[in-house]
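Please consult the sequence and the structure below while reading.

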Amino acid sequence: MIKAKTFLSAILLVASVGGRAASAQAAPSQNRPQAPVKSSSLTSIPHAVTFREVQGRGLLVRTWVNGIGPFNFAIDTGAGATLISQRVATESRVARASEKPASIAGLTGTRAVAYHASLENLAIGDIENYLPARGEVLITSGLPADLDGVLDPTEALAPLGYTIDIPRREFIAFDPRTDAVQMNQAPPEGTVVTWLREAHGRRPFVMLDNGDRALIDTGSSLGLAVRDPHSGERLATSGARDVGGGQISTRRVSTSTISIGSLELRRVPTDLVSGTESDAPVLLGLTALRPFRMRFDPVHRLIEIAPISVSNRN
(Lines give C-alpha, C1' and ligand atoms only; values in the text may rest on other atoms or scores of the structure.)
Protein backbone atom coordinates (compact mmCIF):
# COMPACT_ATOMS: atom_id res chain seq x y z
CA MET A 1 0.00 0.00 0.00
CA ILE A 2 1.32 3.45 -0.88
CA LYS A 3 1.38 6.01 1.90
CA ALA A 4 1.15 9.69 0.93
CA LYS A 5 4.04 11.18 2.86
CA THR A 6 4.93 14.13 0.65
CA PHE A 7 3.14 16.98 -1.05
CA LEU A 8 4.11 17.35 -4.71
CA SER A 9 2.44 20.33 -6.27
CA ALA A 10 4.06 20.65 -9.70
CA ILE A 11 1.18 22.73 -10.95
CA LEU A 12 -0.04 24.02 -14.25
CA LEU A 13 -2.40 26.96 -14.49
CA VAL A 14 -4.27 25.92 -17.60
CA ALA A 15 -2.50 27.43 -20.63
CA SER A 16 -0.47 29.70 -18.38
CA VAL A 17 1.87 28.69 -15.53
CA GLY A 18 3.34 25.71 -13.67
CA GLY A 19 5.09 24.49 -10.46
CA ARG A 20 5.59 22.50 -7.16
CA ALA A 21 5.39 23.17 -3.42
CA ALA A 22 6.15 22.39 0.22
CA SER A 23 4.83 23.53 3.61
CA ALA A 24 5.12 24.11 7.34
CA GLN A 25 2.82 25.16 10.18
CA ALA A 26 2.71 28.92 10.74
CA ALA A 27 2.18 30.85 13.96
CA PRO A 28 -1.39 31.31 15.23
CA SER A 29 -3.18 34.18 13.53
CA GLN A 30 -3.76 36.13 16.71
CA ASN A 31 0.01 36.45 17.14
CA ARG A 32 0.67 37.93 13.72
CA PRO A 33 1.72 41.61 13.81
CA GLN A 34 0.58 43.95 11.07
CA ALA A 35 2.83 46.42 9.29
CA PRO A 36 1.62 49.67 7.73
CA VAL A 37 0.35 48.93 4.23
CA LYS A 38 2.96 49.78 1.66
CA SER A 39 2.96 49.12 -2.07
CA SER A 40 5.33 46.44 -3.35
CA SER A 41 5.92 48.28 -6.62
CA LEU A 42 9.40 49.21 -5.42
CA THR A 43 12.66 49.38 -7.36
CA SER A 44 14.91 48.89 -4.33
CA ILE A 45 16.61 45.53 -3.86
CA PRO A 46 15.42 43.49 -0.86
CA HIS A 47 18.13 42.56 1.61
CA ALA A 48 19.40 38.99 1.85
CA VAL A 49 17.47 36.60 4.09
CA THR A 50 18.06 33.14 5.48
CA PHE A 51 15.79 30.17 5.06
CA ARG A 52 15.61 26.86 6.82
CA GLU A 53 15.29 23.44 5.28
CA VAL A 54 12.65 21.19 6.79
CA GLN A 55 12.78 17.56 5.76
CA GLY A 56 9.89 16.73 3.46
CA ARG A 57 8.82 20.38 3.40
CA GLY A 58 11.58 22.23 1.54
CA LEU A 59 13.24 25.65 1.89
CA LEU A 60 11.06 27.72 4.18
CA VAL A 61 11.18 31.49 4.54
CA ARG A 62 9.18 33.78 6.85
CA THR A 63 6.73 35.74 4.71
CA TRP A 64 4.32 38.65 5.25
CA VAL A 65 1.34 39.20 2.96
CA ASN A 66 -0.21 42.69 2.97
CA GLY A 67 1.59 43.36 6.24
CA ILE A 68 0.16 40.28 7.95
CA GLY A 69 2.40 37.43 9.11
CA PRO A 70 4.71 35.78 9.52
CA PHE A 71 3.65 32.85 7.40
CA ASN A 72 5.89 30.01 6.27
CA PHE A 73 6.30 29.91 2.49
CA ALA A 74 8.39 27.42 0.54
CA ILE A 75 10.89 28.87 -1.94
CA ASP A 76 9.96 27.01 -5.10
CA THR A 77 11.63 27.78 -8.43
CA GLY A 78 9.39 25.27 -10.17
CA ALA A 79 6.06 26.74 -9.16
CA GLY A 80 5.44 29.21 -11.98
CA ALA A 81 3.34 31.35 -9.63
CA THR A 82 3.25 32.46 -6.01
CA LEU A 83 0.52 30.44 -4.32
CA ILE A 84 -1.36 31.37 -1.18
CA SER A 85 -3.98 29.34 0.64
CA GLN A 86 -7.52 30.56 1.02
CA ARG A 87 -6.96 30.83 4.77
CA VAL A 88 -3.95 33.13 4.31
CA ALA A 89 -5.81 35.15 1.67
CA THR A 90 -8.69 35.74 4.07
CA GLU A 91 -6.44 36.62 6.99
CA SER A 92 -4.32 38.99 4.88
CA ARG A 93 -7.30 40.52 3.05
CA VAL A 94 -5.97 39.57 -0.36
CA ALA A 95 -8.26 40.70 -3.14
CA ARG A 96 -9.16 38.50 -6.06
CA ALA A 97 -8.22 40.10 -9.35
CA SER A 98 -11.25 38.41 -10.90
CA GLU A 99 -14.15 36.33 -9.66
CA LYS A 100 -13.76 34.06 -12.65
CA PRO A 101 -11.94 30.94 -11.42
CA ALA A 102 -8.84 29.56 -13.07
CA SER A 103 -7.84 25.92 -13.04
CA ILE A 104 -4.52 24.55 -11.82
CA ALA A 105 -3.44 20.99 -12.42
CA GLY A 106 -0.79 18.89 -10.72
CA LEU A 107 1.61 16.40 -12.27
CA THR A 108 -1.25 13.91 -12.53
CA GLY A 109 -3.46 16.33 -14.45
CA THR A 110 -6.03 16.44 -11.64
CA ARG A 111 -7.36 19.99 -11.40
CA ALA A 112 -8.10 22.34 -8.50
CA VAL A 113 -9.74 25.75 -8.43
CA ALA A 114 -7.60 28.88 -8.17
CA TYR A 115 -8.13 32.65 -8.47
CA HIS A 116 -5.79 35.33 -9.73
CA ALA A 117 -4.94 37.67 -6.86
CA SER A 118 -3.72 41.21 -6.33
CA LEU A 119 -1.33 41.90 -3.43
CA GLU A 120 -0.67 45.26 -1.78
CA ASN A 121 2.74 44.03 -0.66
CA LEU A 122 4.79 40.93 -0.07
CA ALA A 123 7.79 40.76 2.29
CA ILE A 124 10.23 38.06 3.36
CA GLY A 125 12.69 37.77 6.25
CA ASP A 126 11.19 40.73 8.08
CA ILE A 127 7.99 42.66 7.87
CA GLU A 128 9.36 45.54 5.75
CA ASN A 129 11.70 43.67 3.40
CA TYR A 130 9.41 44.12 0.42
CA LEU A 131 9.55 42.21 -2.84
CA PRO A 132 8.45 43.67 -6.18
CA ALA A 133 5.65 41.03 -6.34
CA ARG A 134 4.72 41.91 -9.91
CA GLY A 135 4.39 38.36 -11.17
CA GLU A 136 1.69 35.71 -11.08
CA VAL A 137 -0.13 35.25 -7.73
CA LEU A 138 -2.87 32.69 -7.19
CA ILE A 139 -5.24 31.85 -4.35
CA THR A 140 -5.90 28.13 -4.32
CA SER A 141 -7.93 25.68 -2.30
CA GLY A 142 -5.68 22.84 -3.44
CA LEU A 143 -3.03 23.24 -0.74
CA PRO A 144 -2.86 21.11 2.42
CA ALA A 145 -4.22 22.66 5.61
CA ASP A 146 -0.71 23.19 7.02
CA LEU A 147 0.62 24.90 3.89
CA ASP A 148 0.65 28.71 4.08
CA GLY A 149 1.99 29.34 0.61
CA VAL A 150 4.60 28.87 -2.06
CA LEU A 151 6.98 31.63 -3.11
CA ASP A 152 8.11 31.45 -6.72
CA PRO A 153 11.15 33.77 -6.71
CA THR A 154 11.05 34.40 -10.46
CA GLU A 155 7.50 35.71 -10.18
CA ALA A 156 7.87 37.43 -6.80
CA LEU A 157 11.10 39.29 -7.60
CA ALA A 158 10.64 40.14 -11.28
CA PRO A 159 12.45 41.95 -12.83
CA LEU A 160 15.22 41.25 -10.27
CA GLY A 161 17.46 38.22 -10.26
CA TYR A 162 18.11 36.03 -7.26
CA THR A 163 20.60 33.64 -5.69
CA ILE A 164 19.63 30.51 -3.77
CA ASP A 165 22.62 29.31 -1.77
CA ILE A 166 21.41 26.01 -0.36
CA PRO A 167 24.52 25.07 1.67
CA ARG A 168 24.59 28.50 3.37
CA ARG A 169 20.77 28.73 3.48
CA GLU A 170 20.78 32.22 1.97
CA PHE A 171 18.37 33.86 -0.45
CA ILE A 172 19.76 36.98 -2.12
CA ALA A 173 18.20 39.36 -4.66
CA PHE A 174 20.30 41.26 -7.21
CA ASP A 175 19.81 43.68 -10.09
CA PRO A 176 20.80 41.99 -13.39
CA ARG A 177 21.29 45.37 -15.03
CA THR A 178 24.29 46.12 -12.81
CA ASP A 179 25.32 42.65 -11.57
CA ALA A 180 24.61 40.36 -14.48
CA VAL A 181 25.39 36.68 -14.76
CA GLN A 182 27.85 36.38 -17.66
CA MET A 183 28.38 33.36 -19.87
CA ASN A 184 32.15 33.89 -20.05
CA GLN A 185 32.59 34.21 -16.27
CA ALA A 186 31.76 30.81 -14.87
CA PRO A 187 32.63 30.30 -11.17
CA PRO A 188 35.44 27.89 -10.20
CA GLU A 189 34.28 24.29 -10.74
CA GLY A 190 30.88 25.63 -11.76
CA THR A 191 29.06 26.58 -14.94
CA VAL A 192 26.87 29.20 -16.58
CA VAL A 193 24.12 27.90 -18.86
CA THR A 194 21.18 29.24 -20.81
CA TRP A 195 17.91 29.62 -18.92
CA LEU A 196 15.49 27.67 -21.10
CA ARG A 197 11.83 28.55 -20.79
CA GLU A 198 8.43 27.21 -21.68
CA ALA A 199 6.21 28.77 -24.30
CA HIS A 200 3.83 30.13 -21.62
CA GLY A 201 5.96 30.51 -18.50
CA ARG A 202 9.22 31.60 -16.92
CA ARG A 203 10.19 28.52 -14.96
CA PRO A 204 13.95 27.76 -15.14
CA PHE A 205 14.85 24.81 -17.35
CA VAL A 206 18.37 23.70 -18.25
CA MET A 207 19.64 21.33 -20.91
CA LEU A 208 21.21 18.08 -19.68
CA ASP A 209 23.97 16.35 -21.59
CA ASN A 210 21.56 13.61 -22.71
CA GLY A 211 19.36 16.18 -24.45
CA ASP A 212 16.63 16.31 -21.79
CA ARG A 213 15.29 19.66 -20.62
CA ALA A 214 15.21 19.58 -16.82
CA LEU A 215 13.27 21.91 -14.54
CA ILE A 216 15.29 23.30 -11.61
CA ASP A 217 12.76 22.70 -8.87
CA THR A 218 13.72 23.69 -5.33
CA GLY A 219 10.19 22.85 -4.21
CA SER A 220 10.66 19.15 -4.89
CA SER A 221 12.29 16.81 -2.38
CA LEU A 222 13.26 14.46 -5.20
CA GLY A 223 16.64 14.11 -6.90
CA LEU A 224 16.76 13.64 -10.66
CA ALA A 225 13.12 12.74 -11.31
CA VAL A 226 12.08 11.06 -14.55
CA ARG A 227 9.02 9.10 -15.65
CA ASP A 228 9.03 5.46 -14.59
CA PRO A 229 9.12 3.19 -17.67
CA HIS A 230 7.67 0.36 -15.55
CA SER A 231 4.85 2.35 -13.97
CA GLY A 232 2.32 -0.41 -14.60
CA GLU A 233 4.22 -2.99 -12.56
CA ARG A 234 3.75 -3.58 -8.84
CA LEU A 235 7.05 -2.31 -7.44
CA ALA A 236 7.95 -0.83 -4.04
CA THR A 237 7.13 2.87 -4.12
CA SER A 238 6.57 5.93 -1.98
CA GLY A 239 3.50 8.09 -2.40
CA ALA A 240 2.80 11.78 -2.79
CA ARG A 241 -0.18 14.02 -3.48
CA ASP A 242 -0.06 16.85 -6.00
CA VAL A 243 -1.75 20.25 -5.79
CA GLY A 244 -4.79 18.99 -7.67
CA GLY A 245 -5.28 16.10 -5.24
CA GLY A 246 -3.93 13.43 -7.60
CA GLN A 247 -1.68 10.64 -6.34
CA ILE A 248 1.89 10.14 -7.58
CA SER A 249 4.22 7.22 -6.90
CA THR A 250 8.01 7.47 -6.76
CA ARG A 251 10.79 4.92 -6.30
CA ARG A 252 14.47 5.58 -5.71
CA VAL A 253 16.86 3.72 -8.01
CA SER A 254 20.62 3.73 -8.48
CA THR A 255 22.38 7.07 -8.73
CA SER A 256 23.11 8.82 -12.01
CA THR A 257 25.87 10.99 -13.43
CA ILE A 258 24.68 13.95 -15.50
CA SER A 259 26.19 17.15 -16.82
CA ILE A 260 24.79 20.68 -17.01
CA GLY A 261 27.07 22.64 -19.28
CA SER A 262 30.63 22.07 -18.01
CA LEU A 263 29.42 20.97 -14.56
CA GLU A 264 29.31 17.23 -13.93
CA LEU A 265 26.98 16.01 -11.20
CA ARG A 266 28.03 12.61 -9.94
CA ARG A 267 26.05 10.10 -7.92
CA VAL A 268 22.83 12.07 -8.24
CA PRO A 269 19.95 10.37 -6.38
CA THR A 270 17.49 9.32 -9.05
CA ASP A 271 13.74 8.88 -8.68
CA LEU A 272 11.35 7.20 -11.10
CA VAL A 273 7.91 8.81 -11.02
CA SER A 274 4.63 7.26 -12.11
CA GLY A 275 1.07 8.53 -12.21
CA THR A 276 2.06 11.74 -14.01
CA GLU A 277 0.85 13.09 -17.31
CA SER A 278 2.87 12.08 -20.36
CA ASP A 279 4.35 15.56 -20.80
CA ALA A 280 5.49 15.98 -17.17
CA PRO A 281 9.00 17.50 -17.16
CA VAL A 282 12.22 15.95 -15.92
CA LEU A 283 12.94 17.52 -12.52
CA LEU A 284 16.14 18.42 -10.72
CA GLY A 285 14.83 18.52 -7.17
CA LEU A 286 16.29 19.58 -3.87
CA THR A 287 18.11 16.31 -3.23
CA ALA A 288 20.12 16.84 -6.41
CA LEU A 289 20.58 20.59 -5.88
CA ARG A 290 21.59 20.61 -2.21
CA PRO A 291 25.39 21.07 -2.76
CA PHE A 292 24.98 24.14 -4.98
CA ARG A 293 24.62 27.90 -5.05
CA MET A 294 22.51 29.04 -7.99
CA ARG A 295 22.16 32.54 -9.47
CA PHE A 296 19.18 33.15 -11.73
CA ASP A 297 19.37 36.10 -14.16
CA PRO A 298 15.95 36.57 -15.82
CA VAL A 299 17.06 39.54 -17.90
CA HIS A 300 19.94 37.81 -19.68
CA ARG A 301 18.33 34.36 -19.31
CA LEU A 302 21.36 32.77 -17.74
CA ILE A 303 21.81 30.52 -14.70
CA GLU A 304 25.05 30.16 -12.75
CA ILE A 305 25.54 26.95 -10.77
CA ALA A 306 28.48 26.50 -8.42
CA PRO A 307 29.30 23.81 -5.86
CA ILE A 308 29.95 25.06 -2.32
CA SER A 309 32.54 22.99 -0.49
CA VAL A 310 32.12 22.14 3.18
CA SER A 311 35.05 24.40 4.10
CA ASN A 312 33.37 27.40 2.43
CA ARG A 313 29.91 27.04 3.96
CA ASN A 314 30.52 29.29 6.97
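## Charged and aromatic contacts

The structure holds 12 salt bridges, a salt bridge being a side-chain nitrogen of Lys or Arg within 4 Å of a carboxyl oxygen of Asp or Glu. The model is predicted, with local features requiring pLDDT of at least 70 and side-chain atom pairs counted only at pLDDT 80 or more, whereas totals for chains, interfaces and linings use all residues. Residues are numbered from 1 along each chain as its sequence is written, and side-chain values use heavy atoms, with hydrogens and water left out.

Among the salt bridges are the following.

| Pair | Closest N to O distance |
|---|---|
| R266 and E264 | 2.6 Å |

The bridge between E155 and R202 links distant parts of the chain: E155 belongs to helix α2 (residues 153-157), R202 to the loop between β17 and β18, and 47 residues separate them. Helices (H or I, at least four residues) and strands (E, at least two) are DSSP runs, numbered from the N terminus.

Burial is assigned by relative accessible area: buried means under 20%, exposed over 50%, and partly exposed in between (1.4 Å probe, protein chains only). E155 counts as buried because its relative accessibility is 7%, while R202, at 30%, counts as partly exposed. In the second pair, D165 is buried with a relative accessible area of 2%, and R168 is partly exposed at 28%. In the third, R266 is exposed at 58%, and E264 is partly exposed at 41%.

A search of the whole structure finds three aromatic pairs. Rings of Phe, Tyr and Trp (its six-membered ring) pair if their centres lie within 6.5 Å; planes under 30 degrees apart count as stacked, over 60 as edge-to-face and the rest as tilted. The pair of Y162 and F296 is stacked because the ring centres are 4.7 Å apart and the planes lie at 20 degrees. This pair links distant parts of the chain, with Y162 in strand β15 (residues 161-165) and F296 in strand β25 (residues 292-297), 134 residues apart. Both Y162 and F296 are buried.

F296 also pairs with W195: the centres are 5.9 Å apart and the planes stand at 80 degrees, so this pair is edge-to-face. Here too distant parts of the chain are linked, since W195 lies in the loop between β17 (191-194) and β18 (205-207), 101 residues from F296 in strand β25. W195 is buried, as is F296. Ring pairs join Y162, F171, W195 and F296 into a cluster.

Which residue lies over the face of W195? R197 does, at 4.9 Å from the ring centre. Elsewhere, the charged end of R96 sits over the ring of Y115, 3.6 Å from its centre. A charge sits over a ring if NZ of Lys or CZ of Arg is within 6 Å of the ring centre and within 35 degrees of the ring normal.

## The chain as a whole

The chain contains three helices and 26 strands. Of its 314 residues, 56% count as buried. Contacts (heavy atoms within 4.5 Å) with a separation of 6 or more come to 70% from residues 24 or more positions apart. The chain exposes about 13600 Å², of which carbon and sulfur atoms supply 48%; accessible areas come from the Shrake-Rupley method with a 1.4 Å probe, and for residues only the protein chains shown count as cover.
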